[in-house]
Structure formats: C-alpha cells, structure tokens
Amino acid sequence: MKKQMPGLESLPSKLPRSKTSIFTVMSQMAHKHNAVNLSQGYPNFETDQRLKDLVANAMNDGYNQYAPLAGIPALRNEIVKKVETLHAHSYNMDTEVTVTNGATQALFLAITAFINPGDEVIVLKPAYDSYEPAIELNGGKPVPVQLKGKDFTPDWNEVEDKINSKTRMIIINTPHNPSGRLFTKEDMQRLEKLLKGTNIILLSDEVYEHIVFEDHRHLSASSFAGLAKRAIVCASFGKTFHNTGWKMGYCVAPEILMKEIHKVQEVNVFCVNHPMQKAYSEYLKSPEHYLDLGKFYQQKRDKFLSLLKDTRFGMKPSEGTYFQLLDYSEITDENDVDFSKRLITKHGLASIPVSVFSMPGNDHLQLRFCFAKKDETLEEAAAILQKISG
Ligand SMILES: Cc1ncc(COP(=O)(O)O)c(C=O)c1O
C-alpha cells in the first residue's frame, strides 16, 4: 500500500514573510473605488511613437530569435558610450555589460551571483521591495539600516557598525525611491572610504539616474574609482523611456563581477527581448531622449507642488525620481497606512504609505505620490488634496 504523504500545503514557503505587495493592495483598492491613482510608479502617458516604430521595424526586419546572452553588441556599445560620457568611467562592452529584463532582474542576478547562505547584505531602508526577498531566496540575511528622519539622511556610522566579516554586499539607491533624495558627493566618498580594503560588493540601484531636478546632479557609483571597482550598477529603460511594461534594463560592472553575473544569466533567461534591444540601440544614439528627462519631470513636479502650495501638506521638493512625499502631520495624526486607505475609500485618491518600506517605528506621517502622470490627472489629485486640507 502506498504510504500516506503530507499534502502540498505542508511545503514550507521560501518567503514566509512576503505578503501581497502594497502596490497591488493600493491599486486594487484604487480600482474598486475608482480613485485617481498616484500610487504605482509608472507614467499614464505614452512612450515615444518613434521608439515603438523602431521596435515594430525590428520585428518586421526579422530580429525575432534569441539575442546574445549579454545583449546585442550595438546596444552594449551605446550603453558604454552613455556611461562614459556621463560618468567618465569606461566599461568594456564585451565583458562588463549585461542587458536585462528590467532593473529588477539585474538586481536579482547580482544578488544570486554573489550571495551565499549566511552572507549579510546591508540594505538602506526605506527600500525597493525586491531587494530583501532576493537576498532571502539565496539564503542571505538582509541587515537593514534606516535612513534617518523625515529627510532620510544616511547614517554612515551606523552602516560602519553593521559591517563585519559576513558582510558580502551593500545595496544603495540614488536617486532614492520613495524619498526623492540624492546621495551627495560626501555620501559617496564616505561610502568609498568605508568599503576600502574590503571585499564587499556595492549594488547600486540607479534606475532614476536621468530624473534629477534643478542643479542637483546624479552621482553614479561608476564615477568614483574606489566604488566602480566593486560596483554593479543597475539601470532601467522602462523608467527612463516611459514604458515600464517592456521590462528592459541593464547592469554594468567590472569583469571580475560581470563574469559571475553572466553565468547566472545563462541559466536564468539566457537573453532578453531582441527587437527591443535593436530599437534601443538606435534610439540611444540621440542623447536628448534621456538628457531632457529631468526638465520634463521637473515641470510635472512643479505643477503638482504649485497646486498644493496653499494647503497644509508639508512638502520638500523632490530632488530626483518621479515621486513627491507629502507630510500630512498638520492634517491628522493617523498612521500612514490608515490615512492612505482612507484617502482612497473616502476621497478617491491613491498614494503609497512610506512606512511600509521602512523599519518598524519609522512612520513620519508621509505619503508618496507619483507625478509621472498627465497634467489633468495631477490636477484631479491636487483638487482632492486641497479639499482634504480644508
Ligand atoms: C528603486 C527601484 N529599483 C528598481 C525598480 C524596477 O525597475 P524595472 O521596472 O526596470 O525592473 C523600481 C521600480 O519601481 C524602483 O523604484
């Protein structure tokens, strides 16, 4: 007789702490209540028709089979040129670049290639929600360090205290989601000093690299010699070119790191979308497509802020990204999760409560609003916020 085996429900989850993401929860609520949706980080306007035409042309021209593992040479060449021009660091297009399925896959590749069971990874919180599960799936231990206060200032002394012989990696994100803060030169130099003489890898998430305002400058890990030699820098075409659904991105890193990433890529997806790579290799030849992005989004940010200037919402203009935090402490002392839910159900406006990406005890009564939206959507949202502010 066959032995009774436990059912599938007895199988342990590899991510027991993971719940439905706040983005899904907020978007479902927004949908149910027909709310104006400034929660998720994507534009509600179209990507450039020329770029869509380039993809269609590539398909019609027969670029429909597997691409090379690291990406097509023409695109890798454009990426190397772009990084060299902007950050004065030369990567080898054959050995130091990988085109990926969005930045999320680049992050996952980097973590999987280097994190072994028991390794520690320092994560600055609030953090993009894919980092910690990726570390845990590889048996690693996330070591969170909270960015301090309402301004999310890094405490490098605390980071230094957390570094030990098990520390394999530190993940940074600049321009930072959700705060809209950029790391300064002093931040980058302090990090460079901290990591000097260690074998710690820096995973630098720079997906909002081109969305930077006023005289702020994005400082890539690539542009600091001491960081570049240990950094895997991740970028997202989806964020830059208004097509997050295409899931295209890339990472650059020194050969010693990239060769391990290539091994993982080979057994993970092998390669990514060929016609889109072909299209981007043409589109990137015109740098204004990404160099003008800061100006474009600054108009959106300024429009949103000017519509709110007479309200009781506290706002420090975002330095970069397409997110703006609003401090509602003058309006209510409700916690941010409850307030954001009430904002949807009672007022028809969806946002993201910031504390869900932070360590417990760090609710500063702030909500994150995505201003990558049509002007009329921003006007609708602002009208609701004006009413609430009274
Ligand atoms: C900080 C950060 N990193 C990575 C990503 C994901 O980028 P992609 O859509 O290219 O995977 C996001 C998207 O929200 C993000 O905010």
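Start at Asn-34 in this predicted model; select the loop between α1 (22-32) and β1 (36-37), where Asn-34 is found. Phi of Asn-34 is near 50°, a positive value in a residue other than glycine. For context, most residues other than glycine have a negative phi, and most peptide bonds are trans.

Next, go to the loop between β5 (167-173) and α7 (185-195), and pick out Pro-175 there. The peptide bond leading from Thr-174 into Pro-175 is cis, with omega near -10°. Stay in the loop between β5 and α7 and select Pro-178. Asn-177 and Pro-178 are also joined by a cis peptide bond, with omega about 15°.

Asn-177 leads on to the ligand: a polar side-chain atom of Asn-177 lies 2.8 Å from an oxygen atom of the ligand. Now show the residues that surround the ligand: Gly-102, Ala-103, Thr-104, Tyr-128, Asn-173, Asn-177, Asp-205, Val-207, Tyr-208, Ser-236, Lys-239 and Lys-247. Two further distances can be checked here. From a polar side-chain atom of Thr-104 to an oxygen atom of the ligand, the distance is 2.6 Å. For Lys-247, an N or O atom in the side chain is 2.6 Å from an oxygen atom of the ligand.

Two packed helices are described by the angle between their axes and the distance between the axes. Select helix α4 (residues 102-114) and helix α10 (residues 255-268), which pack at an angle of about 110° with their axes 9 Å apart. Angles of 65 to 115 degrees count as roughly perpendicular, and α4 and α10 are therefore roughly perpendicular to each other. To see the contact, display Gln-105, Leu-109, Ala-110, Thr-112, Ala-113 and Phe-114 on α4, and Leu-257, Glu-260, Ile-261, Val-264, Gln-265 and Asn-268 on α10. Sorted by class, the residues in the contact of α4 with α10 are seven nonpolar, four polar and one charged.

The last stop is another helix pair. Select helix α3 (residues 73-87) and helix α11 (residues 274-283); their axes come within 8 Å and cross at roughly 40°. The crossing of α3 and α11 is left-handed. On α3, the contact is made by Ala-74, Leu-75 and Glu-78, and on α11 by Gln-277, Tyr-280 and Ser-281. By class, the contact of α3 with α11 comprises three nonpolar residues, two polar and one charged.

Terms used
Residues numbered from 1 in each chain as written. Predicted model: local features only at pLDDT ≥ 70, side-chain atom pairs only at ≥ 80, totals over all residues. Heavy atoms only, no water. Axes fitted to C-alpha atoms, helices over the stretch in contact; angles between N-to-C directions. Helix = DSSP H or I, 4+ residues; strand = E, 2+ residues; numbered from the N terminus. Left-handed = near helix turned anticlockwise from the far one by under 90°. Contact = heavy atoms within 4.5 Å. Nonpolar A, V, L, I, M, F, W, Y, C, P; charged D, E, K, R; others polar. Near = heavy atom within 4 Å. Polar contact = N/O pair within 3.5 Å; in protein donor to acceptor, adjacent residues only side chain to side chain. Parallel < 35°, antiparallel > 145°, perpendicular 65-115°, else oblique.
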